[in-house]
Protein chains: 2
Amino acid sequence: MQGEHDIFEPMQHSSRYIEAAVDQMSSLTGIGRKTALRLVLELVKRDASRVELFAKSFTDLKEHIQFCSECHNLADESLCSVCKDQNRDRSLVCVVEDIRDVMAIESTQHYRGMYHVLGGRISPMDGVGPDDLSFDSLFRRVSSYGEGLELILGLSATMEGDTSSFYIYQKVKEFPVKLSTIARGIGVGTELEYADEITLGRSIMNRTPFELSLSRP
Amino acid sequence: MQGEHDIFEPMQHSSRYIEAAVDQMSSLTGIGRKTALRLVLELVKRDASRVELFAKSFTDLKEHIQFCSECHNLADESLCSVCKDQNRDRSLVCVVEDIRDVMAIESTQHYRGMYHVLGGRISPMDGVGPDDLSFDSLFRRVSSYGEGLELILGLSATMEGDTSSFYIYQKVKEFPVKLSTIARGIGVGTELEYADEITLGRSIMNRTPFELSLSRP
C-alpha cells in the first residue's frame, strides 16, 4: 500500500543538504530520522553564526580532547584535572567503567581520591576481553605504588561487572593493596517495599552500625 | 542536601570542550543535558574525520540552503525542486504551515501540484499576526495567476489553523480562485470507536460516495 510508506523514505524533493544533515544527526544512537529532521530544521532557522558555533563545538572536541595518560579520564591536556590536582588523595583509586561514572561521582562532591577508567567491562558475549580494557595500566599503577593503596571497585552490579571485579582481585592479590567495593543497598529515599530482593538481602547482610549511618551525609 | 544536586550541575572536573559541546547539543529543543552528554561522548569516541563530516553537514546547511522565492519551501537554489519541476500542475497550490508538511505530502506521492509554505499560522496568543507569515506573496501569486487556480488549504484543524484559513478566504474571495481544504475524517486503518466525536461527526457530514472511495488509493 502506498499510504504505508515511511514518511521520510522517499524525500525526493527535499534539499540534499537537509538530507546530509539528517543522515549525520540520525547517526547518533537514539536519534531517529524524524527527530533528526526536527532538529535540523531548528538549526536551519538559526543564525549562521550560531550554527557555526554549534558545529565548531564538535570539531573542537576532537581536536583538543585527550584521554588522561594516568587514569584514562577525559582531559584537555595529557593529565586530567583530577590527576593534576595536588590536593587529592593518591592512596585511593576508584575503578569505574566509564567516563560518565567519574562525572557522576565527582558531582557528589564526596570523593577526594583518584580514578581509573576501564573503558568498559569484561563481556565475552560482546567480545570484550581484558585486553580491550585498560587493566594493564591499572596493574602498573598498583605495582608501582607500593604500600598503602586502596582500590575502590565501582563497577556495575551485573555479571560482567562482577567478572571484571574478580579479574582485578585475582591480579592484584599479590600486591599490598586494599580492595573495597562501593556499598550496595537501598537508595536513600527509597521505600523498602519497592527494593528488589537481592539488593534488600545484601543491604541486610552488609548493615551499617547506626552511629555510622548518622554521621554520613 | 548535597545528595540532591543535579548530577551535571557542578561538572567542575569535566573538560571545557565537553561542556561547550554539551551546551550546544542541549540548546536543541527536546535534548536535555544528560542526553546531550551521552551524544557528545559518542562523538568523542568517533574518528576525527567522521566528526568533521558531522559538523560540516550543519555549516553546509546554513551556507547553501535558501527559501524558495516562489513558495518558501526549502531549496538548494533560488527555486525549490517542486517549483522548478515543469511537469507539475501549476493550477493547484496547496497552502501549508510548515516545510515538514510539504515533506509529508510529497512522500505520499499523490500530489502533483505546487505548494505555498506560510511559515506558521495566525496565533494572536503567540504574537503571530498575518504580517509574520508569507500571506502577501500568496495573494500576489493568486492575483497574478488569473483564472483557473485552486488553493487547497492544508492547515491544521485547530483554532489557529481555521483562523488562517478564514483569513485566506476573506482575502482571495474577490479573485477567480477555487478554494478547498484537505479532507478531514477517520484515518485509514483507524477503528471508529477510537475516533474523537468531532472528527467522526465531520466524517459523516462529509461522507464520500462509495464508488469514489473505492477508486481512491
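G30(B) counts as exposed because it has 10 C-beta neighbours inside 10 Å. G30(B) sits in the loop between α1 and α2 of chain B. Helices (H or I, at least four residues) and strands (E, at least two) are DSSP runs, numbered from the N terminus. G30(B) is 13 residues from Y17(B) in sequence, and the C-alpha to C-alpha separation of G30(B) and Y17(B) is 22 Å in space.

The model is predicted: local features need pLDDT of at least 70, side-chain atom pairs count only at pLDDT 80 or more, and totals for chains, interfaces and linings use all residues. Residues are numbered from 1 along each chain as its sequence is written, while chains are lettered from A and ligands numbered from 1 in the order in which they are written.

Helix α1 (residues 16–25) of chain B meets helix α2 (residues 33–44) of chain B at an angle of about 120°, and their axes are 8 Å apart. Axes are lines fitted to C-alpha atoms, for helices over the stretch in contact, and angles run from 0 to 180 degrees between N-to-C directions. α1(B) is therefore oblique to α2(B). Angles under 35 degrees count as roughly parallel, over 145 as roughly antiparallel, 65 to 115 as roughly perpendicular and the rest as oblique. α1(B) and α2(B) cross in a right-handed sense. A crossing is right-handed if the near helix is turned clockwise from the far one by less than a right angle, and left-handed if anticlockwise. On the α1(B) side, the contact is made by I18(B), A21(B), V22(B) and M25(B). α2(B) contributes R33(B), A36(B), L37(B), L39(B) and V40(B). Contact requires C-beta atoms, placed from the backbone, within 7 Å. By class, eight residues of this contact are nonpolar, none is polar and one is charged. Ala, Val, Leu, Ile, Met, Phe, Trp, Tyr, Cys and Pro count as nonpolar, Asp, Glu, Lys and Arg as charged, and the others, Gly among them, as polar.

α3(A) and α1(B) lie at an angle of about 155°, with axes 9 Å apart. The two helices are therefore roughly antiparallel to each other. Their crossing is left-handed. α3(A) brings L53(A), F54(A), S57(A), F58(A), D60(A), L61(A) and H64(A) to the contact, and α1(B) brings Y17(B), A20(B), A21(B) and Q24(B). Seven of these residues are nonpolar, three polar and one charged.

The interface as a whole places 55 residues of chain A in contact with 56 residues of chain B. On the chain A side, α1 (16–25), α2 (33–44), α3 (48–64), β2 (74–75), α4 (81–84) and α5 (99–108) each supply at least two residues. The largest share, 13 residues, comes from α3(A). The chain A side divides into 31 nonpolar, 15 polar and nine charged residues.

In chain A, an open sheet of four strands has the order β4-β3-β5-β6, with parallel pairing. Two strands pair if DSSP finds at least two bridges between them. β4 (113–117) and β6 (177–181) of chain A stand at the edges with a single partner strand each, so one side of each has no neighbour in the sheet. The twist averages 25° from one strand to the next. Strand β5 (residues 149–153) of chain A runs parallel to β6(A), and five bridges join them. L153(A) stands opposite T181(A) of β6(A).

In chain B, the order β4-β3-β5-β6 describes an open sheet of four strands with parallel pairing. β4 (113–117) and β6 (177–181) of chain B are the edge strands, each pairing on one side only. The twist averages 25° from one strand to the next. Four bridges join the parallel strands β3 (residues 89–96) and β5 (residues 149–153) of chain B. L92(B) has E150(B) as its bridge partner in β5(B).

Positive phi values occur in two loops of chain A. H72(A), not a glycine, has a phi of about 70°. H72(A) lies in the loop between β1 (66–67) and β2 of chain A. H72(A) counts as buried, with 21 C-beta neighbours inside 10 Å. Q109(A), also not a glycine, has a phi of about 60°. Q109(A) lies in the loop between α5 and β4 of chain A. Q109(A) counts as partly exposed, with 13 C-beta neighbours inside 10 Å.

How values were computed:
Contact = placed C-beta atoms within 7 Å. Buried ≥ 20, exposed ≤ 12 C-beta atoms within 10 Å, placed from the backbone.
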